[in-house]
Amino acid sequence: MDHLIEFFSEDIEFSLDNPEKISDWIADIIEQHGHELVGLTYIFCSDDYLHQINVEYLDHDTLTDIITFDNADTEGTIEGDIFISVDRVRDNAATHGTSFQDELHRVLIHGVLHLLGFKDKTPEQEAAMRKLEDSSLSLRKF
């Protein structure tokens with residue numbers, strides 16, 4: 001099934017295990033939240049690459065695991081570019097004592113949740129976001 005979800009790597013060699021199943025899972029989450037998927041592009045990159053985007057576009061001089069750009073023109077649609085630092089995901093998995101795969105899937109869905117309108121700026125929002133991530137992760141069929 002073509003969900004208009006694409007995966008690329010920018011300045012590193014990286015490819016997903018099960019990209020079709022991951023696409024189906026992401027599309028299901030979007031549908032469950034009552035939104036229509038128009039197009040989603042994931043770009044996997046290094047810390048350096050994502051840091052440069054963070055400085056250039058967001059004026060944040062920090063390392064981060066994900067930056068999400070919302071390109072949707074219409075309310076209720078999902079269209080965006082999600083940049084993910086594989087370096088950060090690997091480090092965060094080690095820090096949190098989880099597998100690289102689980103942390104990667106958490107970050108993949110974190111970006112989608114932002115596009116669905118969920119925020120994580122306050123401790124309350126962060127806790128709600130974590131619950132949504134956990135609930136989304138529990139729906140994986142792979």
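## Helix packing and aromatic pairs

Helices H1 and H4 cross in a right-handed way (the near helix is turned clockwise from the far one by less than a right angle). This is a predicted model, where local features need pLDDT of at least 70, side-chain atom pairs count only at pLDDT 80 or more, and totals for chains, interfaces and linings use all residues. Residues are numbered from 1 along each chain as its sequence is written, and side-chain values use heavy atoms, leaving out hydrogens and water.

The axes of H1 (residues 19-32) and H4 (residues 100-115) come within 11 Å and cross at roughly 35°; axes are lines fitted to C-alpha atoms over the stretch in contact, with angles from 0 to 180 degrees between N-to-C directions. Helices are DSSP runs of H or I with at least four residues, strands are E runs of at least two, numbered from the N terminus. On the H1 side, Ile22, Trp25, Ile26, Ile29 and Ile30 meet His105, Leu108, Ile109 and Val112 of H4 (contact means heavy atoms within 4.5 Å).

Now the rings. Phe, Tyr and Trp rings (for Trp, the six-membered one) pair if their centres lie within 6.5 Å; planes under 30 degrees apart are stacked, over 60 edge-to-face, the rest tilted. That rule gives eight aromatic pairs, including these:

| Pair | Centre distance | Plane angle | Type |
|---|---|---|---|
| Phe7 and Tyr42 | 5.4 Å | 15° | stacked |
| Phe14 and Phe100 | 6.2 Å | 75° | edge-to-face |

Phe14 sits in the loop between E1 and H1, and Phe100 in helix H4, 86 residues apart. Phe7, Phe14, Tyr42, Phe44 and Phe100 form one aromatic cluster.
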